[in-house]
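Please read it alongside the sequence and the model.

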Amino acid sequence: MLAMNATRRLLLAVAALAAAVVIEPAHHQALAATEVVAVVNGLPITSNDVSRRAAFLRLQRQKSDAKTARDQLVEEALKREEIARVRMSVSTDDVDKAFARFAASNKLSPEQLTKILGQAGVGAEHFKEYIAVQMSWPRLVNARYGSRGRMSSQELVTRMMENKEKPVTTEYFLQQVIFVVPDSKRNAILGKRKAEAEASRGKFPGCEQSKQFAATMLDVSVRSLGRVLAPELPEEWKPLIEKASGGTTGTRVTERGVEFLAICNQRQVSDDFAAEVVFRAEDLGKQKSGANPNEEKYLEELRNKAQIDLR
């Protein structure tokens, strides 16, 4: 798939930060003398931690008073301790890649994003700690309470009977064309590579000859993504695919360089697998419209067992 579900969840969680980070990088406040404002199971939360979280909340245009910031950090401390206890944390590499993807989605390098977060009074490490929890916690909740995963045959039949008819969706066969941009040359050649990628779309010969076509250009790779149904399309690519013309989408700048997708084939399908994908997407949409009750149930259990000292 084009992106991991956890990464998509992270990007949705911080979507409001996307514009604010670029537009408002100057909310830096000098940190006062550090003092402990809360202790969660022996782990101190300091006034510096609270200041960083308050700055992060301001970037998201959320309520950013000290109590709100402290309460968020207490909640994250409970989650982080449980994640560590059951050894379900994502890796440092996963976090770094998510950080780089977030930077690329805002047309920034990781170094530029680090500088902006520092100027905003948040700091890259604070943001990465937030990313780690956002990526790890849903895995833990799913492991504890189960996730929908594949539907049983009975569930599928029941849903189709409820709907009166089998859902129809669009099936795509996709290739990913990547104009690679090394990190060390990103600032120098990104504009040139974007122009090259845009020009190549008009000459794209089709998926069967795509690899031979890529071989005629410098540092261009092609990946086959196979069958992807419309509900499975990543949010960042979905509008480009829906607006595609001439068999290719518009380009996107990513952590790898400049990319576009080739639509090798598309058709309407209504088989059992397609129905299951549609139903799961509907369920996910319902979850996003409100908090997952299992998350709050788990968190409340952790609160009841924890020793929390607010100062």
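1. A salt bridge is here a side-chain nitrogen of Lys or Arg within 4 Å of a carboxyl oxygen of Asp or Glu. Glu 255 is partly exposed, at 25% relative accessible area, and Arg 256 is partly exposed as well, at 30%. (Buried means under 20% relative accessible area, exposed over 50%, and partly exposed in between, with a 1.4 Å probe and protein chains only.)

2. The model is predicted: local features need pLDDT of at least 70 and side-chain atom pairs count only at pLDDT 80 or more, while totals for chains, interfaces and linings use all residues. Residues are numbered from 1 along each chain as its sequence is written, and side-chain values use heavy atoms, with hydrogens and water left out.

3. Arg 256 also forms a salt bridge with Glu 259, with 2.7 Å between the closest N and O atoms. Glu 259 counts as buried, at 0% relative accessibility.

4. Glu 171 and Arg 227 form a further salt bridge, their closest N and O atoms being 2.5 Å apart. Glu 171 belongs to strand E3 (residues 169-180) and Arg 227 to strand E4 (residues 220-229), so the pair ties together parts that are 56 residues apart in sequence. Glu 171 is buried, with a relative accessible area of 2%, whereas Arg 227 is partly exposed at 31%.

5. The structure holds 23 salt bridges. A network of salt bridges links Glu 75, Lys 79, Glu 296, Glu 300 and Arg 303.

6. Of its 311 residues, 42% count as buried.

7. Among contacts (heavy atoms within 4.5 Å) between residues at least 6 apart in sequence, 76% join residues at least 24 apart. The protein chain exposes about 16700 Å², of which carbon and sulfur atoms supply 51%. Accessible areas come from the Shrake-Rupley method with a 1.4 Å probe, and for residues only the protein chains shown count as cover.

Terms used
Helices (H or I, at least four residues) and strands (E, at least two) are DSSP runs, numbered from the N terminus.
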